[in-house]
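Please keep the sequence and the view at hand while reading the points below.

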Amino acid sequence: MNSTVWFLTSNQGKLAEAAHHFANIGMVVQALEVPDGAIVEPQASDLETVAEAKLRQALAHLPHEGALVMVEDAGLFVEALDGFPGVYSSYVHETVGNQGMVRLLEHLQSDDPVMAKRLRAASFHAVAALWDGERILFGRGECKGSIASEIQGDAGFGYDPIFIPADLDDDGESLTPDVLGVVSTHGKTFGAVGVELKHRFSHRRRALEDLMRQFPPQGTER
Ligand code: IMP
(Lines give C-alpha, C1' and ligand atoms only; values in the text may rest on other atoms or scores of the structure.)
Protein backbone atom coordinates (compact mmCIF):
# COMPACT_ATOMS: atom_id res chain seq x y z
CA MET A 1 0.00 0.00 0.00
CA ASN A 2 1.25 3.43 -1.01
CA SER A 3 0.69 5.18 2.32
CA THR A 4 2.50 8.53 1.88
CA VAL A 5 0.62 11.54 0.55
CA TRP A 6 2.89 14.24 -0.88
CA PHE A 7 1.15 17.52 -0.08
CA LEU A 8 2.04 20.54 -2.23
CA THR A 9 1.94 23.30 0.37
CA SER A 10 4.29 25.60 2.20
CA ASN A 11 1.62 26.35 4.81
CA GLN A 12 2.69 24.58 8.02
CA GLY A 13 -0.82 24.96 9.49
CA LYS A 14 -2.38 23.11 6.55
CA LEU A 15 0.34 20.47 6.66
CA ALA A 16 -0.28 19.84 10.37
CA GLU A 17 -4.05 19.58 9.87
CA ALA A 18 -3.68 17.17 6.94
CA ALA A 19 -1.09 15.08 8.84
CA HIS A 20 -3.46 14.90 11.81
CA HIS A 21 -6.28 13.72 9.57
CA PHE A 22 -4.31 11.12 7.59
CA ALA A 23 -2.66 9.71 10.74
CA ASN A 24 -6.16 8.57 11.79
CA ILE A 25 -6.29 6.34 8.72
CA GLY A 26 -2.69 5.12 8.93
CA MET A 27 -1.26 7.38 6.25
CA VAL A 28 1.66 9.80 6.38
CA VAL A 29 1.77 13.29 4.90
CA GLN A 30 4.96 14.87 3.63
CA ALA A 31 5.45 18.29 2.08
CA LEU A 32 6.20 18.08 -1.64
CA GLU A 33 9.20 20.33 -2.28
CA VAL A 34 9.30 22.04 -5.67
CA PRO A 35 11.75 24.64 -7.01
CA ASP A 36 10.85 28.29 -6.37
CA GLY A 37 8.50 29.60 -9.05
CA ALA A 38 7.68 26.09 -10.35
CA ILE A 39 3.97 26.41 -9.58
CA VAL A 40 1.97 29.31 -10.97
CA GLU A 41 -1.44 29.87 -9.39
CA PRO A 42 -4.01 30.71 -12.10
CA GLN A 43 -6.56 33.52 -11.80
CA ALA A 44 -9.79 31.53 -11.74
CA SER A 45 -13.25 31.99 -10.28
CA ASP A 46 -13.50 28.65 -8.50
CA LEU A 47 -11.33 26.62 -6.12
CA GLU A 48 -11.51 23.41 -8.23
CA THR A 49 -9.87 25.08 -11.22
CA VAL A 50 -7.09 26.51 -9.05
CA ALA A 51 -6.46 23.18 -7.27
CA GLU A 52 -6.44 21.17 -10.52
CA ALA A 53 -4.08 23.60 -12.29
CA LYS A 54 -1.61 23.46 -9.39
CA LEU A 55 -1.83 19.68 -9.15
CA ARG A 56 -1.12 19.25 -12.88
CA GLN A 57 1.99 21.41 -12.51
CA ALA A 58 3.07 19.45 -9.43
CA LEU A 59 3.02 16.20 -11.45
CA ALA A 60 6.27 17.33 -13.08
CA HIS A 61 7.90 17.06 -9.63
CA LEU A 62 6.82 13.61 -8.44
CA PRO A 63 9.21 12.28 -5.76
CA HIS A 64 8.92 8.80 -7.32
CA GLU A 65 6.82 7.01 -9.88
CA GLY A 66 3.29 6.29 -8.67
CA ALA A 67 3.52 8.82 -5.83
CA LEU A 68 0.26 10.17 -4.41
CA VAL A 69 0.27 13.95 -4.73
CA MET A 70 -2.25 16.30 -3.18
CA VAL A 71 -3.13 19.98 -3.45
CA GLU A 72 -5.70 21.67 -1.28
CA ASP A 73 -7.16 25.09 -1.91
CA ALA A 74 -9.41 26.96 0.48
CA GLY A 75 -11.16 30.29 0.73
CA LEU A 76 -13.33 32.38 3.01
CA PHE A 77 -16.71 33.34 1.53
CA VAL A 78 -18.55 36.20 3.29
CA GLU A 79 -22.29 36.32 2.54
CA ALA A 80 -22.68 40.09 2.96
CA LEU A 81 -19.87 40.56 0.44
CA ASP A 82 -21.45 38.17 -2.10
CA GLY A 83 -18.79 35.54 -1.42
CA PHE A 84 -15.75 37.84 -1.41
CA PRO A 85 -12.84 37.25 -0.79
CA GLY A 86 -13.41 33.63 -2.01
CA VAL A 87 -10.68 32.70 -4.48
CA TYR A 88 -8.90 35.97 -3.59
CA SER A 89 -8.61 35.03 0.10
CA SER A 90 -4.80 34.77 0.06
CA TYR A 91 -4.37 38.16 -1.55
CA VAL A 92 -6.84 39.84 0.81
CA HIS A 93 -5.19 38.23 3.82
CA GLU A 94 -1.74 39.37 2.68
CA THR A 95 -2.94 42.92 2.03
CA VAL A 96 -5.65 44.07 4.48
CA GLY A 97 -5.37 41.03 6.78
CA ASN A 98 -7.75 40.05 9.56
CA GLN A 99 -8.01 43.60 10.85
CA GLY A 100 -9.05 44.76 7.38
CA MET A 101 -11.78 42.09 7.14
CA VAL A 102 -13.13 43.08 10.55
CA ARG A 103 -13.19 46.74 9.46
CA LEU A 104 -14.92 45.86 6.19
CA LEU A 105 -17.82 44.34 8.16
CA GLU A 106 -17.86 46.95 10.95
CA HIS A 107 -21.29 48.25 9.91
CA LEU A 108 -22.90 44.81 10.28
CA GLN A 109 -23.78 44.89 13.99
CA SER A 110 -26.87 44.18 16.03
CA ASP A 111 -27.70 44.17 19.75
CA ASP A 112 -29.39 40.84 19.09
CA PRO A 113 -26.55 38.24 18.97
CA VAL A 114 -28.57 35.93 16.70
CA MET A 115 -29.15 38.73 14.20
CA ALA A 116 -25.48 39.76 14.44
CA LYS A 117 -24.38 36.23 13.49
CA ARG A 118 -26.82 36.17 10.58
CA LEU A 119 -25.55 39.52 9.28
CA ARG A 120 -21.92 38.38 9.57
CA ALA A 121 -22.43 34.88 8.12
CA ALA A 122 -19.47 33.39 6.24
CA SER A 123 -18.11 29.99 5.35
CA PHE A 124 -14.84 28.34 4.57
CA HIS A 125 -14.73 26.11 1.52
CA ALA A 126 -11.92 23.70 0.72
CA VAL A 127 -11.20 21.60 -2.35
CA ALA A 128 -8.62 18.83 -2.11
CA ALA A 129 -7.30 17.31 -5.35
CA LEU A 130 -5.34 14.05 -5.27
CA TRP A 131 -3.33 12.41 -8.06
CA ASP A 132 -3.74 8.70 -7.29
CA GLY A 133 -1.18 7.60 -9.86
CA GLU A 134 -3.73 7.41 -12.67
CA ARG A 135 -6.32 10.14 -12.28
CA ILE A 136 -7.30 13.21 -10.28
CA LEU A 137 -9.84 12.80 -7.48
CA PHE A 138 -11.57 15.79 -5.87
CA GLY A 139 -12.90 16.18 -2.33
CA ARG A 140 -14.96 19.14 -1.14
CA GLY A 141 -15.71 20.49 2.31
CA GLU A 142 -17.52 23.43 3.86
CA CYS A 143 -17.58 24.93 7.33
CA LYS A 144 -20.31 27.47 8.07
CA GLY A 145 -19.82 30.26 10.57
CA SER A 146 -19.59 33.99 11.05
CA ILE A 147 -16.97 36.71 11.22
CA ALA A 148 -16.10 37.92 14.72
CA SER A 149 -16.28 41.65 15.45
CA GLU A 150 -12.69 41.59 16.72
CA ILE A 151 -9.59 39.45 16.39
CA GLN A 152 -9.63 36.68 18.98
CA GLY A 153 -6.80 34.21 19.75
CA ASP A 154 -3.56 33.50 17.95
CA ALA A 155 -3.79 29.76 17.29
CA GLY A 156 -4.09 28.31 13.79
CA PHE A 157 -3.37 30.40 10.72
CA GLY A 158 -4.91 32.75 8.17
CA TYR A 159 -8.43 33.85 9.04
CA ASP A 160 -8.70 31.52 12.07
CA PRO A 161 -8.63 34.41 14.62
CA ILE A 162 -11.75 36.03 13.07
CA PHE A 163 -13.82 32.96 12.12
CA ILE A 164 -16.41 31.60 14.57
CA PRO A 165 -17.62 28.19 13.37
CA ALA A 166 -21.35 27.46 13.47
CA ASP A 167 -22.39 24.76 15.97
CA LEU A 168 -22.66 21.14 14.84
CA ASP A 169 -25.73 18.91 15.04
CA ASP A 170 -25.82 15.29 16.32
CA ASP A 171 -24.42 14.06 13.00
CA GLY A 172 -21.51 16.52 13.08
CA GLU A 173 -23.05 18.68 10.35
CA SER A 174 -22.73 22.50 10.38
CA LEU A 175 -25.93 24.28 11.42
CA THR A 176 -26.62 27.86 10.36
CA PRO A 177 -24.60 30.28 12.54
CA ASP A 178 -27.64 31.37 14.57
CA VAL A 179 -28.72 27.86 15.72
CA LEU A 180 -27.49 26.10 18.88
CA GLY A 181 -26.02 22.62 18.39
CA VAL A 182 -24.45 19.85 20.43
CA VAL A 183 -20.84 20.77 19.57
CA SER A 184 -19.91 24.42 19.93
CA THR A 185 -16.91 26.70 20.44
CA HIS A 186 -19.31 28.93 22.42
CA GLY A 187 -18.58 31.98 20.33
CA LYS A 188 -14.82 31.43 20.20
CA THR A 189 -12.96 31.75 16.92
CA PHE A 190 -10.77 28.97 15.48
CA GLY A 191 -7.87 31.11 16.66
CA ALA A 192 -9.00 30.71 20.25
CA VAL A 193 -9.49 26.91 20.22
CA GLY A 194 -7.00 24.09 19.68
CA VAL A 195 -6.46 22.13 16.48
CA GLU A 196 -8.42 19.15 17.89
CA LEU A 197 -11.60 21.17 18.21
CA LYS A 198 -11.05 22.99 14.90
CA HIS A 199 -10.74 19.56 13.28
CA ARG A 200 -14.31 18.64 14.26
CA PHE A 201 -15.68 21.62 12.33
CA SER A 202 -13.05 21.95 9.65
CA HIS A 203 -13.76 22.39 5.93
CA ARG A 204 -10.30 20.85 5.33
CA ARG A 205 -11.13 17.69 7.31
CA ARG A 206 -14.42 17.38 5.41
CA ALA A 207 -12.69 17.81 2.03
CA LEU A 208 -10.08 15.17 2.94
CA GLU A 209 -12.79 12.78 4.13
CA ASP A 210 -14.73 13.30 0.91
CA LEU A 211 -11.53 12.62 -1.03
CA MET A 212 -10.66 9.45 0.86
CA ARG A 213 -14.15 8.04 0.36
CA GLN A 214 -13.16 7.71 -3.29
CA PHE A 215 -9.75 6.22 -2.59
CA PRO A 216 -9.02 2.48 -2.04
CA PRO A 217 -9.27 1.74 1.69
CA GLN A 218 -6.33 0.50 3.82
CA GLY A 219 -5.05 -2.92 2.87
CA THR A 220 -6.20 -2.64 -0.75
CA GLU A 221 -3.37 -3.42 -3.14
CA ARG A 222 -2.71 -0.63 -5.59
P1 IMP B 1 -5.03 28.82 0.25
O2 IMP B 1 -5.83 27.58 0.25
O3 IMP B 1 -3.68 28.60 0.86
O4 IMP B 1 -4.99 29.50 -1.08
O5 IMP B 1 -5.77 29.79 1.27
C6 IMP B 1 -6.35 31.01 0.92
C7 IMP B 1 -6.36 31.91 2.14
O8 IMP B 1 -7.29 31.41 3.08
C9 IMP B 1 -5.02 32.04 2.86
O10 IMP B 1 -4.86 33.37 3.31
C11 IMP B 1 -5.16 31.09 4.02
O12 IMP B 1 -4.39 31.52 5.12
C13 IMP B 1 -6.65 31.17 4.32
N14 IMP B 1 -7.12 29.89 4.84
C15 IMP B 1 -7.18 28.71 4.19
N16 IMP B 1 -7.62 27.75 5.03
C17 IMP B 1 -7.82 28.35 6.22
C18 IMP B 1 -8.22 27.86 7.49
O19 IMP B 1 -8.47 26.68 7.72
N20 IMP B 1 -8.30 28.77 8.47
C21 IMP B 1 -8.00 30.09 8.27
N22 IMP B 1 -7.61 30.59 7.13
C23 IMP B 1 -7.51 29.72 6.10
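Contact here means heavy atoms within 4.5 Å. With that in mind, the model, which is predicted, can be read from the overall fold down to individual residues.

**Overall fold**

- The chain holds seven helices and six strands, and along the sequence these follow the pattern β-α-β-α-β-α-α-α-β-β-β-α-α.
- The radius of gyration of the chain is 18 Å, close to the 17 Å that the globule rule gives for 222 residues, so the chain is as compact as a globular protein of that length.
- Taken along the principal axes, the box filled by the C-alpha atoms of the chain is roughly 60 × 40 × 25 Å.
- Of the contacts in the chain with a separation of 6 or more, 64% are between residues 24 or more positions apart.

**Surface and charge**

- Among the 222 residues of the chain, 45% count as buried.
- The accessible surface of the chain comes to about 11000 Å², and carbon and sulfur atoms account for 50% of this surface.
- The chain carries 18 positive and 32 negative side chains, and the centres of these two sets lie 2 Å apart.

**Helix 4 and its cover**

- Helix 4, which spans residues 97-104, has Gly97, Asn98, Gly100, Met101 and Val102 as buried residues.
- The cover over the buried residues of helix 4 includes strand 3 (68-78) and helix 3 (89-95).

**Strand 4 and its partners**

- Strand 4 (residues 121-131) is largely enclosed by the rest of the structure, because ten of its eleven residues are buried.
- Strand 3 and strand 4 run antiparallel and are joined by ten bridges, and methionine 70 has leucine 130 in strand 4 as its bridge partner.
- Strand 4 and strand 5 (residues 136-147) also run antiparallel, with eleven bridges joining them, and tryptophan 131 has isoleucine 136 in strand 5 as its bridge partner.
- The hairpin of strand 4 and strand 5 has four residues between the strands, and in this hairpin glycine 133 takes a positive phi near 105 degrees.

**Lysine 198 and aspartate 160**

- Lysine 198 lies in helix 6, which covers residues 195-201, and its relative accessible area of 4% falls under the 20% cut-off, so lysine 198 counts as buried.
- When neighbours within four places in sequence are left aside, lysine 198 is in contact with Glu17, Phe157, Asp160, Phe190, Val193 and Arg204.
- Aspartate 160 is found in the loop between strand 5 and strand 6 (163-165), and with a relative accessible area of 2% aspartate 160 is buried.
- With neighbours within four places in sequence again left aside, the residues in contact with aspartate 160 are Phe124, Ala155, Thr189, Phe190, Gly191 and Lys198.
- Phe190 is therefore found in the contact lists of both lysine 198 and aspartate 160, as the WHY of their burial under 20% relative accessible area is set out above.

**Alanine 19**

- Alanine 19 lies in helix 1, which covers residues 12-23, and at 29% relative accessibility alanine 19 counts as partly exposed.
- Twelve residues separate alanine 19 from alanine 31 along the chain, and the C-alpha atoms of these two residues are separated by 9.9 Å.

How values were computed:
Residues numbered from 1 in each chain as written. Predicted model: local features only at pLDDT ≥ 70, side-chain atom pairs only at ≥ 80, totals over all residues. Heavy atoms only, no water. Helix = DSSP H or I, 4+ residues; strand = E, 2+ residues; numbered from the N terminus. Rg over C-alpha atoms; globule rule 2.2 N^0.38 Å. Buried < 20%, exposed > 50% of the residue type's maximum accessible area, 1.4 Å probe, protein only. Areas by Shrake-Rupley, 256 points an atom, 1.4 Å probe, with all protein chains shown as cover. Lys, Arg positive; Asp, Glu negative; His and termini not counted. Charge placed at Lys NZ, Arg CZ, Asp CG, Glu CD. Pairing = 2+ DSSP bridges.
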